[in-house]
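Here is a short report on one protein model.

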Amino acid sequence: MAENLSISRYTYLFVSSKKKNLVYNSRTNTFLEVSDDLYKELLKCKDDKRNIRKIDIDVLSSLLKRKIICLLYTSDAADE
């Protein structure tokens with residue numbers, strides 16, 4: 001399943017001025033505060049979508065529901 005997933009083109013990762021790891025999806029207007037470990041994994045996924053398979057399945061499911069991660073061949077998927 002992870003081979004067909006990508007970080008959405010509408011997903012942005014950043015660290016707030018208060019040093020909180022944040023994930024924002026502009027399409028769904030979703031803001032999430034994430035752990036340091038997940039933030040680092042998501043950064044790796046932006047560089048190489050194959051890293052998505054390293055994300056815990058429950059976390060992955062939650063990210064899919066929020067469209068942070070999406071199916072690769074949809075309009076939400078980041079350009080390859």
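## Cysteines and disulfides

The structure holds 0 disulfides. This is a predicted model. A disulfide would be a covalent bond between the sulfur atoms of two cysteines. C45 has a relative accessibility of 2%, so this residue counts as buried. C70 has a relative accessibility of 6%, so C70 counts as buried too.

## Layout

The protein has 2 helices and 5 strands. Along the sequence they follow the pattern β-β-β-β-α-α-β. Buried residues account for 40% of the 80 residues. The accessible surface is about 5300 Å². Carbon and sulfur atoms contribute 49% of that surface. Take the contacts between residues at least 6 apart in sequence: 52% of them join residues at least 24 apart.

## The nonpolar core

Nonpolar side chains tend to be buried together in soluble globular proteins. Which residues of the largest nonpolar core touch the most other members? They are V23, L42, I55, L63 and I69, out of 16 residues in this core. Three elements each supply at least two residues of the core: β1 (5-7), α1 (36-47) and α2 (57-65). The largest share comes from α1, with 4 residues.

## The ends of α2

D56 caps the N-terminal end of α2. A side-chain oxygen of D56 lies 3.0 Å from the backbone nitrogen of D58. After α2 comes K67, which has a positive phi, near 60°.

## Salt bridges

Side chains of opposite charge can pair when their charged atoms come close. How many salt bridges does a search of the whole structure find? The search finds 3. They are set out below.

| Pair | Distance, N to O | Relative accessible area |
|---|---|---|
| K20 and E33 | 3.8 Å | K20 39%, E33 54% |
| E41 and K44 | 3.6 Å | E41 18%, K44 41% |
| R50 and D48 | 2.8 Å | R50 53%, D48 25% |

Start with K20 and E33, whose side chains meet in a salt bridge. This pair links distant parts of the chain, 13 residues apart. K20 sits in the loop between β2 (11-15) and β3 (21-25), while E33 belongs to strand β4 (residues 30-33). K20 counts as partly exposed because its relative accessibility is 39%. E33 is exposed, at 54%.

E41 and K44 pair within helix α1. They are 3 residues apart, so about one helical turn separates them. Is E41 buried or exposed? At 18% relative accessibility, E41 counts as buried, because the cut-off for buried is under 20%. K44 is partly exposed, with a relative accessible area of 41%.

R50 and D48 form another salt bridge, at 2.8 Å from N to O. R50 is exposed, because its 53% is over the 50% cut-off. D48 is partly exposed, with a relative accessible area of 25%.

Note on methods. Residues are numbered from 1 along each chain as its sequence is written. This is a predicted model: local features need pLDDT of at least 70, side-chain atom pairs count only at pLDDT 80 or more; totals for chains, interfaces and linings use all residues. Side-chain values use heavy atoms; hydrogens and water are left out. A nonpolar core is a set of buried Ala, Val, Leu, Ile, Met, Phe, Trp, Tyr and Cys residues joined through side-chain atoms within 4.5 Å. Buried means under 20% relative accessible area, exposed over 50%, partly exposed in between (1.4 Å probe, protein chains only). A polar contact is a pair of N or O atoms within 3.5 Å; within protein, one must be able to donate a hydrogen and the other to accept it, and residues adjacent in sequence count only if both atoms are side-chain atoms. A disulfide is a pair of cysteine sulfur atoms within 2.5 Å. A salt bridge is a side-chain nitrogen of Lys or Arg within 4 Å of a carboxyl oxygen of Asp or Glu. Contact means heavy atoms within 4.5 Å. Accessible areas come from the Shrake-Rupley method with a 1.4 Å probe; for residues, only the protein chains shown count as cover.
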